[in-house]
Amino acid sequence: MTRLYELVWRELQAQLCLYRALISRLRLHRALTSGLRLCFGTWNWIWRRCYRAASAAVLALLGFTLRKRPAGGWPRRFLRWPRGGPAPAAAHPRLRWRADGRTLEKLPVHMGLVVTEEQPEPSFSDVARLVVWCVAVGISYVSVYDHQGIFKRNNSRLMDEILKQQQELLGLDCSKYSTEFANSNEKDDQVLNCHRAVKVLSPEDGKADIVRAAQDFCQFVAKQQKRSTDLDVDMLDSLLSTNGFPDPDLVLKFGPVDSTLGFLPWQIRLTEIVSLPSHLNISYEDFFSALRQYAACEQRLGK
């Protein structure tokens, strides 16, 4: 039995090493792409400024001047919103958020919010606001995680804050965005009938879940319900307890730490990760900018 445990554990380690190498290659490609985009964007801005200055000098010699931007901005009929950019502000923010989600070429089905900042306590209100924004733009599944397990220990407090933010930000329209809280093992959870779900995670839902899956598989082999050669990616996926949640498509990592600190290590092998400085007082513009970055990225999935 001990040799069987050792065999299964080595197989898991080998697969994790393979996926980590793949993730490192994908992240290097993303870093190079982002650097080139930033470089060409900067040169484009410099070129436009030089071109305008040269045009103004030539026109000045001819006795003409360039038309200056009005103090109140150009009339609305002259404005063109680029594809993938934020939609014009509507009568109510919820209409703008819904429209913004439709402008993106692709939208994550499952988003992870990972707080890595070293603070006595993260901001429940800021994280709740992020969850409401996710739901408003059309994201179906949201996972909230911090490596200290503060959110999970105070699960009912976070859920109350999410319901409060829904009322404040969505108003009478909040019934269309009702959220189901997937931590059903907590008796204080409020469960609503809807197509959107929020799950609160802690480090025990990461590596410890893989260990439990390995133990379950060994039990199946001991009972001759499975063979040791049956272990593969699909088998491990079925053994991990995800409660119907798909693997995360996008993770927003908040904080200076270059690590997800144990957030679902198996499920994020193909996940796009966007780092932001802090979750405190985060603006909607920063949130939507991360969604635009995800929509523009090319995910080859190892091909």
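Is the crossing of α3 and α5 left-handed or right-handed? The crossing of these two helices is right-handed. The structure discussed here is a predicted model.

## Helices α3 and α5

Helix α3 covers residues 124-137 and helix α5 covers residues 155-170. Their axes come within 8 Å and cross at roughly 55 degrees.

On the α3 side, the contact is made by F124, S125, V127, A128, R129, V131, V132, W133 and A136. On the α5 side, the residues are R157, L158, E161, I162, Q165, Q166, L169 and L170. Sorted by class, this contact has eleven nonpolar, three polar and three charged residues.

## Helices α3 and α8

Helix α3 also crosses helix α8, which spans residues 284-296. The two axes come within 11 Å, at an angle of roughly 50 degrees. Helices α3 and α8 are therefore oblique to each other, and their crossing is right-handed.

Here L130, W133, C134 and V137 of α3 meet Y284, F287 and L291 of α8. The contact has seven nonpolar residues, with no polar and no charged ones.

## The cavity

How many cavities of 30 Å³ or more does a search of the whole structure find? The search finds one. The largest cavity holds about 50 Å³ of space.

Its lining consists of V115, E117, Q119, P122, D146, H147, Q148 and I150. By class, the lining residues are three nonpolar, three polar and two charged.

Technical notes. Residues numbered from 1 in each chain as written. Predicted model: local features only at pLDDT ≥ 70, side-chain atom pairs only at ≥ 80, totals over all residues. Heavy atoms only, no water. 1 Å grid on protein atoms, 1.4 Å probe; cavity = no way out; pocket = protein on both sides within 12 Å on 5 of 7 lines; lining within 4 Å. Points joined across faces, edges and corners; volume = space filled by probe spheres on them. Nonpolar A, V, L, I, M, F, W, Y, C, P; charged D, E, K, R; others polar. Axes fitted to C-alpha atoms, helices over the stretch in contact; angles between N-to-C directions. Helix = DSSP H or I, 4+ residues; strand = E, 2+ residues; numbered from the N terminus. Left-handed = near helix turned anticlockwise from the far one by under 90°. Contact = heavy atoms within 4.5 Å. Parallel < 35°, antiparallel > 145°, perpendicular 65-115°, else oblique.
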